[in-house]
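Colleague: I am new to this structure and would like to know how some of its labels are reached. Could we go through a few of them?

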Amino acid sequence: MMRIDERLVAFFHRPLMSIIAATDACGKPAAGRGIGFHLMEDREGMDVIFSGWQWPGLVAAIAERGKLAVTFVSPADYVSFQIKGSASLRPTEARDVAEADRFIAAAMTELEGLGVPRGVIMPWLCPQEPRVARLRISEIYVQTPGPLAGMLAGAAAG
């Protein structure tokens, strides 16, 4: 297991975008955009929120294989991290819907501030039928363009 360190905790307080990816039992990829997340108290996991309506292939792939990769990107400067691990779907709660609303609002404000028109952004951040994947972290990678891209990040748990 990996643990999210203080540097990543600070990163997760920024306005972010996220891409979620999984593969089904046959290796067929499924990907979509995240609309929120919660870090778990132990920092060894997170709940990732996405639209089950918009990304039904993700729902099926997570249920089939129980693996997930989530890439978080700061639109302002392209600082990026990818988190991988085992995952399972859990029931959506009211706090997940509230987090999705907060995440979407922060992303919209950030992207509009960077000159991206609201009409372009809206399809990226669909809140319809929110689903939650509980991700137990096994790997964290730097994805920021540059010499550290692809390198392992974070601290080992335990």
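Colleague: Why is Q82 called buried?

Modeller: This is a predicted model, and the values are computed from it. Q82 has a relative accessible area of 18%. Buried means under 20%, so Q82 is called buried.

Colleague: Where is Q82, and which residues is Q82 in contact with?

Modeller: Q82 lies in strand β6 (residues 80-90). Leaving aside neighbours within four places in sequence, the contacts of Q82 are A69, V70, T71, E139, I140, Y141 and Q143.

Colleague: What makes the pair of Q82 and T71 a polar contact?

Modeller: Their side chains are 3.1 Å apart at that contact. The cut-off for such a pair of N or O atoms is within 3.5 Å, so the pair of Q82 and T71 counts as a polar contact.

Colleague: Which residues of helix α2 are buried, and what covers them?

Modeller: In α2 (residues 56-65) the buried residues are L58, V59, A61 and I62. The cover over them includes β2 (17-23), β3 (29-39), β4 (45-51), β5 (67-73), β6 and β7 (130-142). Just after α2, G66 has a positive phi of about 70°.

Colleague: What lines the largest cavity, by class?

Modeller: Its lining has 7 nonpolar, no polar and 2 charged residues. Among them are F12, R14, F37 and R102. Helix α3 (residues 94-113) gives the most to this lining, with 4 residues.

Key. Residues numbered from 1 in each chain as written. Predicted model: local features only at pLDDT ≥ 70, side-chain atom pairs only at ≥ 80, totals over all residues. Heavy atoms only, no water. 1 Å grid on protein atoms, 1.4 Å probe; cavity = no way out; pocket = protein on both sides within 12 Å on 5 of 7 lines; lining within 4 Å. Helix = DSSP H or I, 4+ residues; strand = E, 2+ residues; numbered from the N terminus. Nonpolar A, V, L, I, M, F, W, Y, C, P; charged D, E, K, R; others polar. Buried < 20%, exposed > 50% of the residue type's maximum accessible area, 1.4 Å probe, protein only. Polar contact = N/O pair within 3.5 Å; in protein donor to acceptor, adjacent residues only side chain to side chain. Contact = heavy atoms within 4.5 Å.
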